[in-house]
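Here is a short briefing to read alongside the sequence and the model. Please keep both open as you go through the points below.

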Amino acid sequence: ILYTTGTVTIDKDIKYVQGSLEYDSEIPQLIIAATDIVITEPVQRVDAWLIAKGKLSTCNINPPLTVNQCNRQLTMNGPVMATKLQLNRTYYDSTKKDAAEVMNLRPSSYIWAYQQVRKKGTWQTTYVTELPPRY
């Protein structure tokens, strides 16, 4: 978990190691939580949870953008949460008709979160109501 009250700038691809896993506890997860998160122009893939209290920007160039700026497709694998989401990529491929930003919420995020709850989670009984037996 990477947590900061400042701005996090992602300037390189963040990729999980590919390969088979033996146990669900081996699932890699990176959580980036910051006030603002900026993903720079050359980045094409981010395998991480992105949590921004302020804004999450997919391009570090201020508008107005041209088609020659931030023109690579960006794939984000993991949950994305932000108060303000700025999707500023200008990628376009007429043969594929893909989006400029692709967000995938993979099942591994759910499995990893479930493992964390099992390790640290507790149940607390708030009240008990006795019912009469039924004959």
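Predicted model: local features only at pLDDT ≥ 70, side-chain atom pairs only at ≥ 80, totals over all residues.

**Briefing**

Pro132 is exposed, at 69% relative accessibility (exposed means over 50% relative accessible area, buried under 20%, and partly exposed in between, with a 1.4 Å probe and protein chains only). Residues are numbered from 1 along each chain as its sequence is written, and side-chain values use heavy atoms, with hydrogens and water left out.

**Confidence**

- The protein has a mean pLDDT of 87, and 98% of its residues reach 70 or more; pLDDT is the predictor's confidence in each residue, from 0 to 100.
- Helix H1 (residues 107-120) has the lowest confidence, at a mean of 80, whereas strand E4 (residues 36-39) has the highest, at 96.
- Helices (H or I, at least four residues) and strands (E, at least two) are DSSP runs, numbered from the N terminus.

**The disulfide**

- The structure holds 1 disulfide, a term that stands for a pair of cysteine sulfur atoms within 2.5 Å.
- The bond joins Cys59 to Cys70, with an S to S distance of 1.8 Å.
- The torsion about the S-S bond of Cys59 and Cys70 is about 75°, so this disulfide is right-handed.
- Cys59 and Cys70 are 11 residues apart, and each lies in the loop between strand E6 (49-57) and strand E7 (74-77).
- Are these cysteines buried or exposed? Cys59 is buried, with a relative accessible area of 3%, and Cys70 is buried too, at 0%.

**Positive phi values**

- Most residues other than glycine have a negative phi.
- Cys70, although not a glycine, has a positive phi of about 50°.
- Lys97 is another residue other than glycine with a positive phi, near 60°.
- Lys97 is placed in the loop between E8 and E9 and counts as exposed, at 62% relative accessibility.

**Strand E7 and its partners**

- Both faces of E7 are covered: Leu74 and Met76 are buried on one side, and Thr75 and Asn77 are buried on the other.
- Strand E5 (residues 45-47) pairs with E7 in the parallel sense over 3 bridges; two strands pair if DSSP finds at least two bridges between them.
- Which residue of E7 is the bridge partner of Val46? That partner is Met76.
- E7 also pairs with E9 in the parallel sense, over 4 bridges.
- In that pairing, Asn77 stands opposite Asn104 of E9.

**The salt bridge**

- Side chains of opposite charge can pair when their charged atoms come close.
- The structure holds 1 salt bridge, meaning a side-chain nitrogen of Lys or Arg within 4 Å of a carboxyl oxygen of Asp or Glu.
- Arg45 and Asp47 form this bridge, and their closest N and O atoms are 2.8 Å apart.
- Arg45 is partly exposed, with a relative accessible area of 23%, whereas Asp47 is buried, at 0% relative accessibility.

**A nonpolar patch**

- Leu85, Leu87 and Met103 make a nonpolar surface patch of about 250 Å².
- Patches are made of residues with over 30% relative accessible area and no salt bridge, where like charges are joined within 9 Å and nonpolar side chains (Val, Leu, Ile, Met, Phe, Trp, Tyr) within 5 Å.
- The accessible areas come from the Shrake-Rupley method with a 1.4 Å probe, and for residues only the protein chains shown count as cover.
- Leu87 lies in the loop between strand E8 (80-86) and strand E9 (101-104) and is partly exposed, with a relative accessible area of 42%.

**A contact across the sequence**

- How many residues apart in sequence are Gln29 and Ser108? They are 79 residues apart in sequence and 8.6 Å apart in space, C-alpha to C-alpha.
- Gln29 is located in the loop between strand E2 (7-10) and strand E3 (31-34), and counts as buried at 17% relative accessibility.
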